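Hello,

Here is the structure I promised to pass on to you. Please open it first, and then read my notes below.

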Amino acid sequence: MRSLSAPALLATVDGEVVRVASPATVLQACEAAGAGVVALCAHDSVSSAGTCGSCQVIANGMVVRACREPLRADAVINTRGKAAVVARRQALAQVAAKHPSACSVCHQSGACGLQDALARSAPVPSPAITLNALPAGTHSDALGDEVVLHKELCVGCTRCTSFANHVLKVPLLSLQAEPGHAPVLVVNEEEKLNAPYALAFTELCPTGVFTAKRVPQTQRWTTQATPSVCPRCATGCPVWLHHDHGQLRRVSSRGGAHFLCDEGYRLPLPPPWPRLSVPVAGGAVVSWDRALDAASALLAPAMKAGTLGVVLSAQASTFDLCAISAFAIERALATRTYVWAHNDGQPLPPLVSGDKSANRAAVAVLANRAVALEQLPIDLNAGTVTAVLVVGPIELAPPGFAALVQALQNAPVLVVASVYEDPLVPIAKVAFPLAPFTETQGSFVNGAGHPQALRPVSAPQGDALPGWELINHLARRLGVELGFDNLTDVRGHLLRRHPSLIEESQT
Amino acid sequence: MAPIKHRRKERAHRLVLDLPSAGGDSLGLVLGPSHPVLRGSTRIVLEVEGEAIRAADVQVGLLHRGFEKEAESSPYDQTLLLVERLNYVSPLLNAAGYALAVERLLGVQADIPLRALRLRVIVGELSRIGDHLTCLGATALSLGASNAFYLMMDARARLWRLLEAAAGPRLGAPYIRLGGVARDLPDDWVSAFRAFSPGLRRIVWRVDRLLGENPMFRERTRGICAIDAATARGWGLTGPVARASGVACDVRKDAPYFAYDDYDFDVPLGEHGDNWDRYAVRMEELRQSLRIVEQAIGRLSPGPVLLDDPTFVPPALEVRQTQVWAQAALQSLATQGPFVPAGEVYSATEAANGELGFFIVSKGGTRPVKCRVRAPSFANAAMLSHILPTHAVSDVVPTYCLFNVVGGECDR
Amino acid sequence: MTVAVALHDWSSLQALLRDQGHPAVATGSSPGLVWIEVARGAWLTSAAWLHREGCATFIDLTVTDLWLPNTSPRAPGRFVVQLVLAAGGGTRVALRTRLRASELALPSVTSLWPGANWFEREAFDLYGLRVTEHPDLRRILLYAEFMGHPLRKDYEKQRRQPLVRVGPLSKLGQG
């Protein structure tokens with residue numbers, strides 16, 4: 001992604017000139033040209049296997065397996081030449097012979113590399129196998145509870161075995177062939193998957209041998225994909241959010257490591273709490289106007305007395321943090337700012353960071369004077385803080401959450417802005433509905449310091465608003481003009497002060 | 001056609017302000033969109049002085065349904081259904097134009113079976129006849145000649161029964177497919193056509209007598225809204241409207257597709273570009289289209305009507321039942337649509353109202369990056385604003401009818 | 001057909017543009033179209049050259065947004081403006097220029113082909129192409145209160161528009 005300075009190779013694919021960062025394979029050049037060559041065994045996360053032959057093309061006059069062939073400068077590639085088409089057909093005929101004809105009942109519902117390959121190649125004669133239903137799936141403890149196995153769908157592409165052996169470094173799966181028979185996928189029950197990467201197999205497998213039990217396989221033609229970033233930890237994996245009428249259905253990898261951890265794949269699952277979609281004040285549903293009035297009436301005395309504490313979340317987007325920081329720190333309206341972050345210190349390689357705060361790096365810049373949340377109960381008891389404003393999504397219940405709820409129960413004034421009806425909402429005097437990362441524009445700065453854009457899949461649900469907008473409204477009621485009337489204002493503010501937090505493509 | 005003057009004052013004020021005002025005794029007049037001829041799709045705001053039009057603002061967009069945005073997120077084959085709603089008077093011509101564009105993008109236009117091309121020409125030219133009958137009938141009605149209108153509507157009803165027998169439903173028939181047409185003609189279709197065509201010729205002959213020899217019709221059309229050839233070119237006019245101005249343009253002759261160069265037909269040209277010429281050109285095109293259909297039927301040779309290429313044509317049922325790949329290919333086509341390699345194409349066909357162009361850009365995928373439709377009605381409607389001034393209010397409706405602005409195509 | 005043959009010889013245009021300081025010219029063809037791509041500053045000069053060379057018939061003017069969701073929306077050459085002309089016969093000639101999102105503006109060609117009027121209004125309406133020196137630049141297919149430009153790739157298909165009061169003549173004062 002950031003290889004702008006890397007040397008580039010020029011290649012001609014079917015008459016189209018493409019530019020690919022060096023080093024590259026012929027397959028990558030074909031993909032860049034949109035030639036529609038389907039590779040079954042090659043996957044960006046595993047070293048190329050070259051076993052299936054479904055990506056054969058003519059490069060500089062020779063039929064080659066595109067996934068294995070290094071791209072040379074000024075290569076001339078022909079994907080539609082007769083020799084390549086015939087070679088692909090023959091290879092696919094062998095692959096298809098191992099696969100049942102069960103497309104109409106298969107739970108992959110079209111998310112199938114083999115199907116794409118067969119549809120894009122001319123016909124190949126194949127034996128007639130007809131299935132009306134797939135046999136019930138078996139699941140193997142070695143792969144965790146969440147993955148169902150349908151071994152009969154395996155075409156022997158070796159993606160999963162090389163992923164297990166070379167990326168996860170666990171000899172979990174192997175393909176065993178008896179003479180005269182197709183190779184069979186064998187699970188080594190002695191081994192256990194050592195990290196939360198079971199669901200990665202569901203994205204890796206081109207034919208649906210591995211299926212997630214809890215995350216439903218949705219019909220992919222009904223969904224649209226929006227590029228975004230996973231909010232689960234400081235790694236900040238780039239993801240595609242597949243959504244259908246504003247409903248998040250499926251998450252897949254968008255570059256980076258080319259797979260995700262299980263937490264990422266589980267993003268579409270329902271959260272532990274229901275959504276908070278309307279403002280609540282004193283236990284009753286009220287309008288935004290009333291809620292803002294109530295909140296400002298509660299917070300103004302503490303602000304004047306210098307006893308206002310603000311809690312910000314390290315899972316909030318940079319734009320929200322910018323508004324909170326402008327309100328609490330730059331204008332010095334809060335006595336103390338606390339950071340709500342969750343760092344359990346257990347990195348689970350290769351992807352999961354120990355830091356569960358997606359935007360920790362931005363907090364470090366925007367709220368460098370903020371203190372850890374552990375300080376809040378002490379300040380509350382000491383009376384230096386009498387009113388607390390909590391802004392930010394709490395996507396999951398972190399450890400120590402119960403203790404915090406307990407401490408905040410003693411706060412004389414508590415105003416909360418939250419995505420969900422979490423345990424803070426009932427004890428708050430006023431609660432505002434907040435838009436989650438899927439419903440607002442924003443950005444996360446990952447642990448490596450790269451800002452990455454979040455794009456909304458829908459408008460905010462119910463009466464929810466993005467955090468920066470809420471802060472702007474609240475500050476205005478409190479007599480402070482932040483001047484953040486739209487995203488451009490927030491963005492301009494950030495660009496002037498912290499340009500490193502803004503991605504170039506952020507609009 | 002209620003004069004605005006008697007309505008609320010500020011509206012009339014706004015209206016006049018919006019028009020290039022000639023000052024003096026001008027009056028704002030709004031035609032449509034609820035007007036029997038403008039059919040809810042166009043509003044014409046006129047500034048008139050007495051009977052004379054001083055300025056005209058033709059406003060379209062009331063039927064805007066986002067065709068291009070929809071096409072960018074739909075599979076190529078599903079857009080075929082939407083494309084037929086562009087010009088809903090001759091849907092099959094649109095579908096054939098779009099199918100040809102995608103086939104050119106796929107590089108398979110030379111492989112389409114000849115019988116499929118002949119069938120596309122037959123249903124396409126019949127659609128053109130239907131379109132011209134509608135246009136001319138409406139024009140006759142707008143000038144008070146209701147007998148000609150009834151004759152033509154009767155002919156169109158019979159023609160649509162023929163099209164229905166060949167293609168399926170009367171409107172929005174999913175008949176044209178990528179790679180050919182959906183099915184062959186029914187057995188008795190050709191005899192039904194042979195029974196129909198003399199009747200159509202007779203009706204065209206009778207209408208020509210009824211209108212062409214009617215001094216009132218001639219008075220009301222000759223010299224009205226005349227456009228010279230250079231103006232027609234500069235304004236992007238195509239089709240019968242341009243040909244009435246003497247511009248020799250017909251995509252069927254200039255860049256033959258669907259084997260149009262096999263047929264012997266004439267392209268009628270007008271001299272003055274006035275309403276009379278536009279009427280006369282369309283009348284002659286009725287006869288020429290009938291000629292083409294008769295030749296195409298004569299040249300029908302047995303053979304398949306759909307290309308056998310599973311990358312964009314679903315495999316036949318017998319193949320699907322026995323071959324694994326065919327079931328996979330069918331599901332892939334049904335769920336995602338055909339894959340189109342990277343490339344771009346500008347493909348023009350001669351639709352009933354002029355050049356129907358599709359500009360499609362693919363970056364390699366099942367959805368186009370861009371699917372532009374160059375609609376003939378859009379350019380023709382633009383000309384109306386320019387040509388109406390200096391003419392009488394009573395000429396607006398027949399001129400609009402003869403330009404044949406079809407809302408679905410103009411607004412997309 | 002002589003006109004069409006002459007058009008394939010772009011050298012006189014190239015020389016003309018070199019003299020004017022816009023040397024970058026690319027030519028090519030795709031099915032149904034011979035195209036020439038010039039720098040933004042050479043738009044009007046090249047259009048006038050084509051007009052002189054016999055492309056008297058205006059066919060189409062449209063914008064293509066080539067933005068892919070994984071890339072920067074400020075990438076150079078994101079928008080391609082294409083003017084399609086006919087030179088007699090079946091030849092279609094296209095003049096193209098590539099623009100950034102921040103400089104999506106071009107001079108109008110209505111002085112050469114008056115028919116470009118509505119097409120430029122459409123490009124303004126649906127893509128936000130700011131056409132300078134246009135006689136009557138206002139929205140054409142959408143209403144004046146419409147927010148954004150719907151055919152841009154970053155305009156989501158499901159995006160909603162604020163409710164506006166639609167008076168019986170609201171399309172009159174648009175612009």
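Helices (H or I, at least four residues) and strands (E, at least two) are DSSP runs, numbered from the N terminus. This is a predicted model, in which local features need pLDDT of at least 70 and side-chain atom pairs count only at pLDDT 80 or more, while totals for chains, interfaces and linings use all residues. Residues are numbered from 1 along each chain as its sequence is written, chains are lettered from A and ligands numbered from 1 in the order in which they are written, and side-chain values use heavy atoms, with hydrogens and water left out.

Let's begin with the backbone of chain A. Most residues other than glycine have a negative phi, and most peptide bonds are trans. A:Asp14, in the loop between strand S1 (8-13) and S2 of chain A, is not a glycine, yet its phi is positive, near 50 degrees. A cis peptide bond links A:Ser22 to A:Pro23, with omega about -5 degrees; A:Pro23 sits in the loop between strand S2 (16-21) and helix H1 (26-32) of chain A. Another cis peptide bond joins A:Pro349 and A:Pro350, with omega about 10 degrees, and A:Pro350 belongs to the loop between strand S16 (336-340) and helix H9 (360-366) of chain A.

Next comes the meeting of chains C and B. Here 46 residues of chain C are in contact (heavy atoms within 4.5 Å) with 48 residues of chain B. Together the two chains bury about 4,000 Å², 59% of it on carbon and sulfur atoms; buried area is the accessible area (1.4 Å probe) that two parts lose on being put together, summed over both.

Six salt bridges are found across this interface, a salt bridge being a side-chain nitrogen of Lys or Arg within 4 Å of a carboxyl oxygen of Asp or Glu. In one salt bridge, the side chains of B:Glu344 and C:Arg96 meet at 2.5 Å, N to O. Which elements of chain C each supply at least two residues of the side that touches chain B? They are strand S2 (33-38), strand S3 (57-65), strand S4 (79-86), strand S5 (92-99) and helix H4 (116-127) of chain C. S3(C) gives the most, with nine residues.

Finally, what do B:Asn275, B:Arg278, B:Tyr279 and B:Arg282 in H12(B) meet in H16(B)? Their partners in H16(B) are B:Pro398, B:Thr399, B:Leu402 and B:Phe403.

Enjoy exploring!
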